[in-house]
Amino acid sequence: MIKSFSSCLAVGLLLLMVDSMSVQAQKIPSFSLRDLDGNLIESGSFKGKYLVVHIATTWCPFCNAEAPHLQELYDGYKSKNVSVIIIDVKESQDLVKEKLQNRFQFTFPVLLDSDGTVAAKFAPKDVLPELSRDEIMLASNILIDPNGDIQFLSLLDSKNFDAKLVGLRAKLDELLQPAHD
Amino acid sequence: MNYFNLLTISLLLKFTSLTAQVGVAEAGYVHFGGISEVSVQVGDTVHLNLAFEIQDGFHIQSNKVSGDFLIPTKIALAGNGLALEEPVFSATHPFVLGDSDETKDVFTGKFFVGVSVFCPDNSTIGSHAINGTLYYQACNDFKCFFPRKLKFETVILVEPDH
């Protein structure tokens, strides 16, 4: 029990570090994924915009709890040069259409990462190294600025689950504030 | 044994201990607890209580999930000549998803699957293996994990009808 507690504590501290550390130096990894209509969407098409990325699966309970709030965020911020995408990991087009798109009626792209390669590209290198890189990214949220710099990355923290995206919204509001000289 | 060998051995032990603490990749998060030796007479029925233990800090979805998007825990059993009734899972616990309004039912710690096994009249005397696969999707306090499966086996001793 003590060993398990120590492991959990170590993981928690690592995750907090990822959440709070500066990630301005990390750029959005390039990707090219198909949406649910078969259109190829490239990461470069979001250049010049703020981009919110949510990495999900249809069965992930936290992804499902967050989904309506993601749509709300998009509705509230799309006029402010903010785009939103979901990257679904290792699932078929039909399944994602049925269980995710038809259920939540997203008005932003849902992209299919059929082998998890793209999700893995976003993963911090030294966090939970014993897990596969795509698995560690499930239910995470990433905010990228118009220059392609990652400004916010939150991995799933079940105990402090932020379904309503309070942290992400706060960072977005901060970045959208006009610069004061 | 000289000092160098002792040093080497102690370093190896330390590394093994550290590795275990960090968390070497595991095949799964549920272990089969097994059952005590069970026997049944030909023509009779015996009730099995299959025990499973979920790793500390983890939970798996209930066998009856509230949303059809969740992956329920399922069990597949093969009686190899013995007739198995529908398995019955033990009770679940509610789990609240952070600051959302959603609660899901999960298994944590130990849970059991009860199954009645009927031994037909034409059963051969001796050991019969019951093969099973538990399908589950786990989360812990920090992550959710891709679905996994646990294969297990237990043995029933078939005895003659007295």
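Chain A and chain B bury about 2800 Å² between them, with 62% of that on carbon and sulfur atoms. Buried area here is the accessible area (1.4 Å probe) that two parts lose on being put together, summed over both. On the chain A side, A:Trp59, A:Pro61 and A:Glu135 lose the most area to chain B, together 25% of what that side buries.

A quick heads-up: this is a predicted model, where local features need pLDDT of at least 70, side-chain atom pairs count only at pLDDT 80 or more, and totals for chains, interfaces and linings use all residues. Residues are numbered from 1 along each chain as its sequence is written, chains are lettered from A in the order in which they are written, and side-chain values use heavy atoms, leaving out hydrogens and water.

**Where the chains meet**

- You'll find 34 residues of chain A in contact (heavy atoms within 4.5 Å) with 30 residues of chain B.
- The interface has one salt bridge, meaning a side-chain nitrogen of Lys or Arg within 4 Å of a carboxyl oxygen of Asp or Glu.
- B:Arg148 and A:Glu135 meet in a salt bridge through their side chains, at 3.0 Å from N to O.
- Helix 1 (2-20) of chain A gives the most to the side that touches chain B, with seven residues.
- That side of chain A divides into 16 nonpolar, seven polar and 11 charged residues. (Ala, Val, Leu, Ile, Met, Phe, Trp, Tyr, Cys and Pro count as nonpolar, Asp, Glu, Lys and Arg as charged, and the others, Gly among them, as polar.)

**A look at A:Asp134**

- A:Asp134 sits in helix 5 (residues 133-136) of chain A; helices are DSSP runs (H or I, at least four residues), and strands are runs of E (at least two), numbered from the N terminus.
- With a relative accessible area of 7%, A:Asp134 is buried (under 20%; exposed is over 50%, partly exposed in between, with a 1.4 Å probe and protein chains only).
- Leaving aside neighbours within four places in sequence, its contacts include A:Val89, A:Asp115 and, from the other chain, B:Phe146.

- In helix 6 (residues 166-176) of chain A, the buried residues include A:Leu168, A:Lys171 and A:Leu172.
- They share one side of the helix because they cover an arc of only 100 degrees around the axis, taken from the directions from the helix axis to the C-beta atoms.
- Among the elements covering them are strand 3 (50-56) and helix 2 (61-77) of chain A.
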